[in-house]
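Hello,

Please find the structure below, followed by notes on what was found in it.

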Amino acid sequence: MSDAVVLMAYGSPERLVDVPAYYADIRGGRPVAPEQLEDLVERYRRLGIEESSPLNAITEQTRAALEAELAVPVFTGMKHWTPRIADATAAALATGATTVAGLVLAPHYSALSIPGYRAQLEQALAGRAYLAFVESWHDEPGFVELLASRIRGTDAHVVFTAHSLPARILDLGDPYQEQLLETAELVARSAHVQAWSFSFQSESPTGEPWLGPDILDHLEALRATGATDVLICPIGFVSDHLEIRWDIDVEAREKAAELGLQLDRIEMPNADPTFVRTLAHIVRRALGVPSEP
Ligand code: FEC
């Protein structure tokens, strides 16, 4: 009996020339408007992704650190780019694993997000190993404490953020928004932060209503109520990628400057050893292996 881990992430184009195929993958066959593609290429260009991606390098660091922590083979599989979840699964099976743990680097469950990862993993496994899949880990104490430690003692108004999704998920009873608010509450309580709020970010132009308030509108509202300093604490993401490095570090910062607001953001968990230990704890629990004290 042996174990392996497939560590899954959204995925990011490795080079600028990959962006059209990457965007097509996200759209899943639905057409991409040329101006939207140009806009996306420009965002990646401004993040310095010409021939290799600093964003994918972070995922690799996290994978390597998790593998070292668990002493179990860990393979990265991307939902929308390479290495694909199917490649990672094949590599996991090639180790002779009889159980594969599937962990997504996204803490919250939505029917529009997590089942897509699971389906790719299950299809690739094709019943050849037992699957121990982690559905969500939004209230994992180690994750909550790591975020709390990043905001504890701040005098700024804390804004927790996460990726928006089409508002129709609420009619389906999706737990996404509820889980996000639970994480925000747990983190704020642990950090003894009273002045906080939650907003969504990174809405896509798909032509339907998305969950709000959007961070840019929310900053305006905060300024109108007299806030002067804001600390952004993303809770729906765990690493520096486009949605952090562009949507927060460029767009939200520009908006804050226009409004005369001081805006900072917490350092993302990335491959922080404390965060990696938390991921290892989640995986061990899924595998039914006792965690180290
Ligand atoms: O760094 C990178 O290169 C990738 C950053 C990235 C992350 C991410 C996470 C999530 N997304 C979620 C949902 C949607 C839905 C659509 C959508 C579209 C995009 C586009 C890009 C993109 N997402 Fe993303 N997402 C990231 C990047 N996302 C690029 C397309 C261009 C754009 O809108 O700017 C709409 C799809 C459609 O058009 O039909 C829905 C969710 C997450 C968080 C959970 C997870 O990480 O899986 C939910 C990181």
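Helix H1 (19-27), helix H2 (34-46) and helix H9 (242-245) each contribute at least two residues to the shell around the ligand. Helices here are DSSP runs of H or I with at least four residues, strands are runs of E with at least two, and both are numbered from the N terminus. H1 gives the most, with 4 residues.

This is a predicted model, in which local features need pLDDT of at least 70 and side-chain atom pairs count only at pLDDT 80 or more, while totals for chains, interfaces and linings use all residues. Residues are numbered from 1 along each chain as its sequence is written, and side-chain values use heavy atoms, without hydrogens and water.

In total, 26 residues surround the ligand, each with a heavy atom within 4 Å of it. The closest are Ser12, Arg27, Tyr44, Tyr117 and Ser204. By class, the shell has 15 nonpolar, 7 polar and 4 charged residues. Nonpolar covers Ala, Val, Leu, Ile, Met, Phe, Trp, Tyr, Cys and Pro; charged covers Asp, Glu, Lys and Arg; the others, Gly among them, are polar.

His138 sits in the loop between strand E4 (130-133) and helix H6 (141-151). His138 is buried, with a relative accessible area of 7% (buried means under 20%, with a 1.4 Å probe and protein chains only). Among the residues His138 touches, beyond four places away in sequence, are Pro107, Phe143 and Gln179 (heavy atoms within 4.5 Å).

Regards

Technical notes: Buried < 20%, exposed > 50% of the residue type's maximum accessible area, 1.4 Å probe, protein only.
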